[in-house]
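Please walk me through this structure, from its loops to the packing of its helices. I would like plain paragraphs that I can follow with the model open.

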Amino acid sequence: MSAPHFPHREFESSIHTDDLKHRETYPDYLRLDLLLKAQEPRSNPPHHDEMLFIIQHQTSELWMKLMIHELQEVISWIRRDNLNPSFKIFARVAAIQTMLFEQWGVLETLTPSEYVQFRSALGTASGIQSAQYRALEFLLGNKDAKMLGPHKHDPELHAWLEGMLHAPSVYDEFLRYLARRGAPIPTECLDRDFTQPYDAVPALIDVFRTIYEDTETYWDEYEMCEKLIDVEERFRLWRFRHVMTVQRIIGFKRGTGGSSGVGFLWKALDTTFFPELWDVRTHLREPEQVPAPT
C-alpha cells in the first residue's frame, strides 16, 4: 500500500513580500524586537536551563497582566449593575488560570541538580516581588499593606499597587451590587476599610442562601457566585502546584527573596477570598418533600 500523497502547497502570489519595510508587520505589531531579546541569562558561563526558568516566569507575568485586565473589566460591569457581560470574561479568566496551572509542568522538567547550577544568578530576585501577582491578590480581596514593601524602590509601581490596596475588590463590588438590588447586606461589608483583608460576616449566609435556594429568581446573582468560586478554586490550585514545584526543585531551602521558602508558600493555601460563598453550602436546606399523589 503506497503512502498517501499530499499536494505541495504553493506560495500564493497575493501574500505581501515587497515593501514591508514601511508597513506594519507581525514582528512590529507584537514588538518582538523587545520581547525576544528580554531573555538575558545571568549565569556565567550561561547554563542551558536558565532560559527555561526565565521564559516560564516571563510568560506567567504576561498571563497575569491579561488576568488583571479582565478582572478590572468585571469590576466595571458590576459597577454598572450588569453582571451578564462578566460571565464571558470569567470564562476567559478560567482559560488563563488553566494556562498558568499547566505551565508549572514545564518548569517541573527542571531538576534540582540543574537549578542549583544557576540559582545564585538570581541574587535576591523572587516571585514575592511580582507586582502583578500582588495586584491579583488585591483584586480578589487578599489585602495586606506590608506586601507593598518589596516595591518601595519603584514609586510608580508602588503607587499603582497602593491604589489597588485602597480600592474595593471584586467581591466588595459584588456585595455593593447586591445592596443596590435590595439585599440586606450588613453595613460593615459596605462601609469598611478596603485596605484590610476581608473577614467573614455570618449575616451574609442568609443572603447567599436566598440566592442559592431560588436560582430561578436570582439566576445572574447565582451565576456570579459560582464564577467567583471557580476563580478562587483555580487560584488555590495554582498556588498548590507552585508549592509542589518549588518543593520538588529546591526542597526546604530558604527562598531567594528571604522567605522561609516552602513553609511560607504553604501558609498562603489557607487564605480564602470569598468565605461566605464557601460557607453557604453547609447551610443550604433541602426542599420539602411533596407527597406522591395517591
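Asp81 sits in the loop between helix 3 and helix 4 (84–102). The model is a predicted one, and the values below are computed from it. The phi angle of Asp81 is near 60°, which is a positive value in a residue other than glycine. Most residues other than glycine have a negative phi, and most peptide bonds are trans. With a relative accessibility of 36%, Asp81 counts as partly exposed, because that category covers the range between under 20% for buried and over 50% for exposed.

Arg31 also has a positive phi, near 50°, and is likewise a residue other than glycine. Arg31 belongs to the loop between helix 1 (26–30) and helix 2. Its relative accessible area is 42%, so Arg31 is partly exposed.

The peptide bond that joins Asn44 and Pro45 is cis, with omega at about 0°. Glu40 lies in the loop between helix 2 (32–35) and helix 3 as well. Is Glu40 buried or exposed? At 51% relative accessibility, Glu40 counts as exposed, since the cut-off for that class is over 50%. Between Glu40 and Glu50 there are 9.1 Å in space, C-alpha to C-alpha, and the two are ten residues apart in sequence.

From the loops we can turn to helix packing. Two packed helices are described by the angle between their axes and the distance between the axes. Helix 3 (residues 50–79) and helix 9 (residues 170–180) have axes that come within 9 Å and cross at roughly 15°. The two helices, helix 3 and helix 9, are therefore roughly parallel to each other, as angles under 35 degrees count as roughly parallel. The crossing in which helix 3 passes helix 9 is left-handed. On the helix 3 side, the residues that meet helix 9 are Leu71, Val74, Ile75, Ile78 and Arg79, and their counterparts in helix 9 are Val170, Glu173, Phe174, Tyr177 and Arg180. By class, this contact of helix 3 with helix 9 has seven nonpolar residues, no polar ones and three charged ones.

A second pair is formed by helix 7 (residues 131–140) and helix 8 (residues 155–166), whose axes come within 9 Å and cross at roughly 15°. Helix 7 and helix 8 are therefore roughly parallel to each other, and helix 7 passes helix 8 in a left-handed crossing. Helix 7 contributes Ala131, Arg134, Ala135, Phe138 and Leu139 to the contact, while helix 8 contributes Leu157, Trp160, Leu161, Met164 and Leu165. The residues in the contact of helix 7 with helix 8 divide into nine nonpolar, no polar and one charged.

Helix 11 shows how a helix can be covered by others. Seven of the ten residues of helix 11 are buried, so that this helix is mostly covered. The buried residues of helix 11 are Leu204, Ile205, Val207, Phe208, Arg209, Ile211 and Tyr212. The elements that cover them include helix 9, helix 10, helix 12 and helix 14 (275–283).

Arg192 is buried, with a relative accessible area of 17%. What does Arg192 contact once its neighbours within four places in sequence are left aside? The contacts of Arg192 are then with Asp172, Pro197 and Tyr198. The side chains of Arg192 and Asp172 are joined by a polar contact of 3.1 Å. By comparison, 20 Å separate the C-alpha atoms of Arg192 and Leu136, which are 56 residues apart along the chain.

Another buried charged residue is Lys227, with a relative accessible area of 17%. Lys227 lies in helix 12 (residues 219–250). Not counting residues up to four places away in sequence, Lys227 touches Phe87 and Phe90.

Terms used:
Residues are numbered from 1 along each chain as its sequence is written. This is a predicted model: local features need pLDDT of at least 70, side-chain atom pairs count only at pLDDT 80 or more; totals for chains, interfaces and linings use all residues. Side-chain values use heavy atoms; hydrogens and water are left out. Buried means under 20% relative accessible area, exposed over 50%, partly exposed in between (1.4 Å probe, protein chains only). Contact means heavy atoms within 4.5 Å. A polar contact is a pair of N or O atoms within 3.5 Å; within protein, one must be able to donate a hydrogen and the other to accept it, and residues adjacent in sequence count only if both atoms are side-chain atoms. Axes are lines fitted to C-alpha atoms, for helices over the stretch in contact, and angles run from 0 to 180 degrees between N-to-C directions. Helices (H or I, at least four residues) and strands (E, at least two) are DSSP runs, numbered from the N terminus. Angles under 35 degrees count as roughly parallel, over 145 as roughly antiparallel, 65 to 115 as roughly perpendicular and the rest as oblique. A crossing is left-handed if the near helix is turned anticlockwise from the far one by less than a right angle, and right-handed if clockwise.
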